[in-house]
Each structure stands twice: as structure tokens, then as C-alpha cells.
Amino acid sequence: MSAARGLWITIEGGDGSGKTTQAALLEDWLRAQGREPLRTREPGGSEVGVLIRDIVLHHRGDIAPRAEALLYAADRAHHVATVVRPALDRGDVVIQDRYLDSSVAYQGAGRVLDADQVRDLSLWAAEGALPDLTVLLDLDPAAARRRLDSADKPFDRLEAEQEEFHQRVRDAFLGLAAAEPERFLVIDAARDPHAIAAEVRAKVTALLG
Ligand code: TYD
């Protein structure tokens, strides 16, 4: 499916790339236009998802790569079925922090599972649902790490991975964007957040017609 009536925007990028800031700026702007966007995220955009998020981000010790991929896919299946699809059917704009491209990048390239299998698993989970627009905030992992360090929050399981892992994730995101240029807007995330927000707004304005 593409959005039946609403507009579905996902924001992707590595840890520390500024997704949350951009999601908030986009939400504020849409509200100022009189819209009521739904802001959500994966993992953890539903009640069941909050439980899954706790496992994938905070479980002490290893989780087998395929189990990790299935947990993200389970979160996605429930989130799309119970939160995203109903919102799009109502005609809402959905702003979503991470979606299946994160699985392909993190579980595929990061954990070295087969990228096509990971993508197919997510597509099965979400009954083929793809966003209208995916904003990729692209940032060098070393710069992202400096941002995370200065945020002074404990790292979750994925953030704690080595720089090499995050480099593979970055490359995978860029590969996905190159393969689907119609869906992706790639932005240099080292730029000023307000300049980035303006670029996102211009694209969203065009899509909203
Ligand atoms: P994120 O929303 O960036 O967490 P934070 O609250 O720290 O900003 O995402 C949590 C982590 O989950 C992030 O490191 C990427 C990872 N992730 C995957 O590995 N696969 C996925 O499919 C998704 C959605 C996220």
C-alpha cells in the first residue's frame, strides 16, 4: 500500500543523526498549519511495541540476530496494523521515527543478515506498506558519536556498537536511498537543524499539494 488518504513520512538515519529534533520541528510546523499529525516511532509506537522496545534496546546480554530481526518485525506488524494504517485511513499525516529501512540497515548490514530477507520479513509484517516519503538524515558516525557523547545519556544496545557497525549502517541507508530515489529525501545531517527542517517542509508541502 501507499497511504490510502493521509500522508506517511518516515525519518531514518543513524543514532545521533537528529531524527527526533526533525520530527518535532515538522510536527510543530504542521500544527501551526492547522493539521493534527500523528507522531510515532519504531520500536515502541504501540502498547505492545513499548514492551518489545524494552527487550531490543535494554535486554542485558546477546539476542540472536534473527530473533532481533523478528522482534523489530513484530513491533512493526502491530504498529502498522493498529496505529499507522488507521491514521492514514482517517486522512492524517503520520510522522514516524524509523521504519523498515532501519531493519535493513541495522539487522541487515549491521548484524549481517541477508538484506532482502530482512526487507521481505518487514514487508510481510506490514502487509507491504511503504511510506510516501522517507527522510534520510545522513551523518558521519564519528560526528554522530560526538553528539551522543555530549548528550550524556547511557547508550542502548545498538548505540553501544562499534563505529564500524555504524559505518555499515550508514552505507546501507545510502544504498537504500539510491535504490529508491522517488521515496527518499537524503539530507546532510551535519547542517543547521533549521535549514534541514526547511528542506523537509518544502518537500512535505509539495506532497500535500
Ligand atoms: P531510536 O528511535 O533511534 O532510539 P532513541 O530513543 O535512542 O533515539 O532507535 C532505537 C534503536 O533501534 C536504534 O539504535 C536503531 C535500532 N533499530 C533497529 O536496529 N532496527 C529497526 O528496525 C529499528 C526500527 C530500530
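Helix H3 (residues 65-90) packs against helix H4 (residues 100-110) at an angle of about 175°, and their axes lie 11 Å apart. The two helices are therefore roughly antiparallel, a label for angles over 145 degrees between N-to-C directions. In the contact (heavy atoms within 4.5 Å), Glu68, Ala69, Tyr72 and Arg76 of H3 meet Leu100, Ser103 and Gln107 of H4. These residues divide into 3 nonpolar, 2 polar and 2 charged.

This is a predicted model, in which local features need pLDDT of at least 70, side-chain atom pairs count only at pLDDT 80 or more, and totals for chains, interfaces and linings use all residues. Residues are numbered from 1 along each chain as its sequence is written, and side-chain values use heavy atoms, with hydrogens and water left out.

Arg66 also sits in H3. Its relative accessibility is 59%, so Arg66 counts as exposed (over 50%; buried means under 20%, and partly exposed is in between, with a 1.4 Å probe and protein chains only). Arg66 touches Leu113 and Gln117, leaving aside residues up to four places away in sequence.

Now turn to helix H1 (residues 19-32). At 1.5 Å a residue, its 14 residues should span 20 Å, and its end C-alpha atoms are 20 Å apart, which agrees. Its buried residues are Lys19, Gln22, Ala23, Leu26, Glu27, Trp29 and Leu30. They cover an arc of only 165° around the axis, so they lie on the same side of H1. Their cover includes strand S1 (7-13) and helix H8 (193-208). After H1 comes Gly34, with a positive phi near 90°.

Terms used: Helices (H or I, at least four residues) and strands (E, at least two) are DSSP runs, numbered from the N terminus. The expected span of a helix is 1.5 Å times one less than its number of residues. The arc is that of the directions from the helix axis to the C-beta atoms. Axes are lines fitted to C-alpha atoms, for helices over the stretch in contact, and angles run from 0 to 180 degrees between N-to-C directions. Angles under 35 degrees count as roughly parallel, over 145 as roughly antiparallel, 65 to 115 as roughly perpendicular and the rest as oblique. Ala, Val, Leu, Ile, Met, Phe, Trp, Tyr, Cys and Pro count as nonpolar, Asp, Glu, Lys and Arg as charged, and the others, Gly among them, as polar.
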